[in-house]
Amino acid sequence: MSALLFSGVLFLVSWRSCESLAARALTCGTRAADLDPTAMVGGVPLRCPAHCAQRRLSVFGTTVYAAVSSICGAALHSSAVGHTGGEVLLSRLPGQQHYVGTLANGVQSQALSRWSASFTLQGLQDQRPPELIRDSGTNSRPAKKAAKKMSVKKVGNKDCQMDIGLVIDSSSNLGQRRFNLQKNFVAKLVVMLKVGVDGPHVGLVQASDLPRTEFLLSNYTQPKELHFAIKRLAHLGGNTNTAACLCGTPADKAITHTAEMLFTERSGARRGRPRVMLVLIDGWPSDELQPAATAARWAGINVFLATVTQPTADELPTVPDRDFAKKAVCKDNGFFSYQMSSWFGTTKHVKPLAQRLCSPDGLLCSMGFDGRTCYNSVNVGFLIDGSSSVGDANFRTLLDFLAAIASKFDISDTGARVGAVQFTYDQRLEFGLREHDSKDGVLGALKAIPYMSGGTATGRAITFAAQNLFRATAVGRNFLIVVTDGQSYDSVDGPALAAQNQGISMFSVGVAWAPMDDLRVMASEPKDEHVFFSQHFNGLEELVDNVVRVICHDFDVNN
């Protein structure tokens, strides 16, 4: 059986019943947006013709595609069909933001900022049960050949079960010759890593004017396929003030892009596997790498820098920070930084660098000695103003803001925890920190909170939340985010100080008429980093990333 998600409804469709349905023939250019949704109920297969790979098709996204994409182009990109075509099942999904562009199976998908509807695909030939495969021919020889082919798949180096993101330079500054030398080095490195299904997985981003994802962690799990994908990379060119140099802003963009786009479950990142980013820097950066690298570490990623060439005496005055490598990596112990004199003769560096990337005992940078990060360790409490001045519509917007914050964390029974209290003159525990042990559970509970309406007694609410949400724990683990739109009728300074003395980090988020004096009194030190304000409820979404950044900074400092 297979699950087909369509317009928010889950259909269970037997592969045998699908086989009995007549597949709908598509052209290479048919888009998901062109299909009549009512015609797809029941899991009707779609048939892509042969030779679509020879056409230039518009595809937007990776794994999840924007509905404006060619269905057959997406099927080729996702390996749901091969060059000879085939049948697929389409699952409709809601629209989303930040569709990622990648090169896979000879199809270059494009990035897209947002679209109103999405879809995923499953290839019928790959998903059929064994009995259908055996019954599809007149003898069993094809099935035996297929079994033999499956048996030779490389499991990889089981002692190096890492997810590794490579950031390589593709600027004009590097030039075609050195770009080719860089590709040769990276190809040798992945061979040494021994990529495989149960071994390391590798994704790659090119840095130029704009970072470009070439392939995801899940695209290639066989050494030969990965080696070929690296060899066929094309030099992008672009501004000479780019990574590797990785010079200037594009360096920050490349590191940030890789952290946000490559290391997600949707992009193939595996739960519980160490995450590593190797940034190749030809020359030196003209801007600071430390903020982007630090943010990547907060996301649970071990950042390595491999630098090639050193500035000459004449070039030294143009280097803004000669110790950029030491500052970008989290531990200045020589383990996370590696230096090569040039792109010539790099073979001798392949093995020692691969050994560092595959050393789980040395990967303490982002995860701490017990494997904890802010994303899987914090207790976050929301203290929500439900007073009459907020109004029902704004209250829903406020809950969306809190849900966006919660969605940034890895919520589980052993991971991050989220709880919520709503207050007016009274206080109501909406759900405790240990009530929901999944992200979906927390997000659903937040969106289901009914609006109370009433007065505003923020001081009593802080005391209630401190006593009913949190348990005593290490400093930098408990965080209380107070969101209010007005003046409290009681004092907030005493309750806020008492909560902070219990080890709770206090954040104040004010909207509209919330007085800045109260916000600053409630917030932990330094006040400027723990106080946030928006004139309108619709502006709250712009604060999400900064709130999460400060939470992770507090955790990092204290742990």
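## A parallel pair

Let's start with β15 and β16: these two strands run parallel and are joined by four bridges. One place to look is leucine 305, whose bridge partner in β16 is serine 337. Keep in mind that this is a predicted model.

On to β14, which pairs with β15 over eight bridges, again in the parallel sense. Here isoleucine 281 has threonine 307 of β15 as its bridge partner.

## The whole sheet

Zoom out and you'll find six strands in an open sheet, ordered β13-β12-β11-β14-β15-β16, with mixed pairing. The edges belong to β13 (212-215) and β16 (337-340); each has a single partner strand, so one side of each has no neighbour in the sheet. On average, neighbouring strands here are turned by 20 degrees against each other, ignoring direction.

Over at the β13 end, the pairing with β12 (residues 201-207) is antiparallel and spans three bridges. Glutamine 206 meets its bridge partner, arginine 212, in β13.

## Tucked inside

Back to β15: eight of its eight residues are buried, so the strand is largely enclosed by the rest of the structure. Both faces are covered, with Ile301, Val303, Leu305 and Thr307 buried on one side and Asn302, Phe304, Ala306 and Val308 buried on the other.

## Helices across the strands

Which helices lie across β15? One is α9 (residues 290-298), which lies across β14 (275-282) and β15 (301-308) and runs at about 145 degrees to β15. Another is α11 (residues 347-357), lying across β11 (163-169), β14, β15 and β16, at about 170 degrees to β16.

Technical notes:
Residues numbered from 1 in each chain as written. Predicted model: local features only at pLDDT ≥ 70, side-chain atom pairs only at ≥ 80, totals over all residues. Heavy atoms only, no water. Pairing = 2+ DSSP bridges. Axes fitted to C-alpha atoms, helices over the stretch in contact; angles between N-to-C directions. Contact = heavy atoms within 4.5 Å. Buried < 20%, exposed > 50% of the residue type's maximum accessible area, 1.4 Å probe, protein only.
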